[in-house]
Amino acid sequence: MAHSKTSPTEGSRRIPEEYHINEDVGFALPHPLEELPHTFSAWNDIARNLPPLIENGRLREEVEKLPTLDIDELKGHRLQRLAHLALGYITMAYVWNRGDGDIRKVLPRNIAVPYCKLSEKLGLPPILSYADCVLANWKKKDPNGPMTYENMDILFSFPGGDCGKGFFLVSLLVEIAASPAIQAVPTVCSAVQRQDHQALGKALGDIATSLEAAKDYFKRMRDFVDPDQFFNVLRIYLSGWKGNPKLAEGLLYEGVWDTPKKFSGGSAGQSSIFQCLDVLLGIEHSSGEGSPAEFLQEMREYMPPAHRNFLCSLESGPSVREFVLSRGDEDLQKAYNKCVNGLVSLRKFHLNIVRTYIVDPARKQRGGASKSEESSNEENRGTGGTDVMNFLQSVRDATERALLSSS
C-alpha cells in the first residue's frame with residue numbers, strides 16, 4: 001500500500017497532521033457534524049427515525065422511494081463522514097429490518113450507488129464500521145461541557161433503546177481515554193533512537209497510565225448496556241455479510257457490482273489504537289490462514305486511510321521491544337512490562353465482556369438445550385464474523401507472551 005513517507009518519529013515529538021490523530025480525542029473524529037445539507041434531508045430523516053420506521057414496517061418502503069443523490073455536493077471530510085454514517089445506518093436497517101430473519105440480499109441502487117461512491121472517496125468500505133458508529137457518531141449535549149458520558153449522545157440510533165448509545169459511547173470513551181498513549185508514540189520512538197532511557201521510561205509510564213484509564217471506562221459498559229438487549233436486538237444491526245451464514249453469499253450492491261460482496265461488520269478489531277500499541281510494543285499475533293494476525297491485517301481496510309498509514313509508518317520505525325531487551329535495564333523492562341500488562345488486562349476484560357454480552361445470552365436463549373455445532377458457532381461469532389472467543393483468547397495469549405522475564 002502506498003502511504004506517506006513521513007514518520008511519526010521524525011523531527012517533532014508531535015504526530016504529523018496528515019495522520020488525522022487529534023490531541024484531544026485520538027483516532028476519533030473531532031467535532032462531528034450533526035446535520036446533512038437540505039439536499040440530503042431525505043437520508044437524514046430516515047437515519048434519524050430508524051426505530052419507529054422499523055417498528056411500523058415502513059423502513060424498506062421509505063428507503064426504496066429515496067431519490068439517487070449526487071455525493072459530489074458533499075464537501076469536506078466531516079460532512080462526508082456524517083453522510084457515510086447515515087448511509088451505514090440505513091443500509092444495516094434495510095438489510096436486517098426487524099432482525100427476525102426477513103433479510104434483504106440486494107441493496108437498492110438509489111442507496112448502493114451513492115454509498116459506494118462515497119465509500120471510495122473516503123477509503124472506507126460500504127458497511128457500517130467502527131470508524132462510523134463509534135469514531136464519528138457522537139456529540140456533546142452542552143458544547144462547552146466536558147467529554148463525559150452524561151454530557152454526550154450519539155447521532156443516530158438503532159432499535160434497542162439506549163443500548164446502542166451505551167455501547168457506542170463507552171467504546172468511544174475507551175478510545176479517548178487511551179489516546180494519550182498514541183500521543184506518546186513519537187516520544188517513545190525518539191527516545192529509542194536517541195537511546196534515552198529516562199525519556200523512554202517516562203513515556204512508557206504515560207502509556208500504561210492511559211491504559212488503566214481506558215479499562216476504567218470499559219467497566220462502565222455494564223452500567224449502560226443490557227446484555228439481553230445487546231444480544232437480541234442491537235447485535236444484528238452491527239453484523240456484516242462476511243463469515244455470516246445468514247448472508248453467506250454476501251450483499252449485492254445494485255448498480256455497482258454484478259456479484260454480491262462480503263464485508264465484515266463493525267468490531268473492536270477495527271480500532272486503530274490497540275493495533276497501534278501492538279506494533280509499538282512488538283506484540284506478534286499468531287499468523288497463517290484464518291489466523292488472528294490475518295484478521296487484524298484485514299481489519300485495517302476498515303480504518304480511515306490516514307490511520308492505516310500511521311500504522312504502516314510505525315511498522316517501519318525502531319523496535320521498542322528489541323531496544324529494551326538489548327539494554328538489560330531493569331527499570332526499562334518494568335516500564336515496558338507495565339504497558340504490556342495494561343493491554344493484557346484490557347484484553348482479559350474484553351473476554352469477560354464478550355462472555356456477558358454474547359456467550360451467556362446465547363446459552364440462555366437455548367435454554368440449556370444440547371449444543372449443536374451451528375448453535376455453538378453462533379454463540380461465539382462476533383459482529384466482525386470471527387469466532388470471537390478463540391480470537392480474543394489468542395490475542396490475549398500473544399500479548400502475555402510479549403512480557404519480558406527478569407534476567
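1. Apart from its neighbours within four places in sequence, Ser286 is in contact with Ser291, Pro292, Ala293, Ser394 and Arg401; contact means heavy atoms within 4.5 Å. The model is predicted: local features need pLDDT of at least 70 and side-chain atom pairs count only at pLDDT 80 or more, while totals for chains, interfaces and linings use all residues. Residues are numbered from 1 along each chain as its sequence is written, and side-chain values use heavy atoms, with hydrogens and water left out.

2. Ser286 is placed in the loop between α12 and α13 (292–299). Helices are DSSP runs (H or I, at least four residues), numbered from the N terminus. Ser286 counts as partly exposed because its relative accessibility is 31%; buried means under 20% relative accessible area, exposed over 50%, and partly exposed in between (1.4 Å probe, protein chains only). Between Ser286 and Asp397 there are 9.6 Å in space, C-alpha to C-alpha, although the two are 111 residues apart in sequence.

3. Helix α18 comprises residues 388–401, and its 14 residues should span 20 Å at 1.5 Å a residue; the end C-alpha atoms are 20 Å apart, which agrees. The expected span is 1.5 Å times one less than the number of residues. Buried residues of α18 include Val388, Phe391, Leu392, Ser394 and Arg396. The cover over the buried residues of α18 includes α13 and α16 (330–366).

4. Helices α9 (residues 197–218) and α12 (residues 272–281) have axes that come within 13 Å and cross at roughly 150 degrees. Axes are lines fitted to C-alpha atoms, for helices over the stretch in contact, and angles run from 0 to 180 degrees between N-to-C directions. The crossing angle therefore makes α9 roughly antiparallel to α12, a term for angles over 145 degrees. Leu204, Ile207 and Leu211 of α9 meet Phe274, Leu277, Leu280 and Leu281 of α12 in this contact. By class, the contact of α9 with α12 has 7 nonpolar, no polar and no charged residues.

5. Ala213 also belongs to helix α9. With 28% relative accessibility, Ala213 counts as partly exposed. Its C-alpha atom is separated by 30 Å from that of Ser287, 74 residues apart along the chain.

6. In helix α4 (residues 77–96), 20 residues should span 28 Å at 1.5 Å a residue, and the end C-alpha atoms are 28 Å apart, which agrees. Of the 20 residues of α4, 18 are buried, so α4 is largely enclosed by the rest of the structure.

Technical notes
Helices (H or I, at least four residues) and strands (E, at least two) are DSSP runs, numbered from the N terminus. Angles under 35 degrees count as roughly parallel, over 145 as roughly antiparallel, 65 to 115 as roughly perpendicular and the rest as oblique. Ala, Val, Leu, Ile, Met, Phe, Trp, Tyr, Cys and Pro count as nonpolar, Asp, Glu, Lys and Arg as charged, and the others, Gly among them, as polar.
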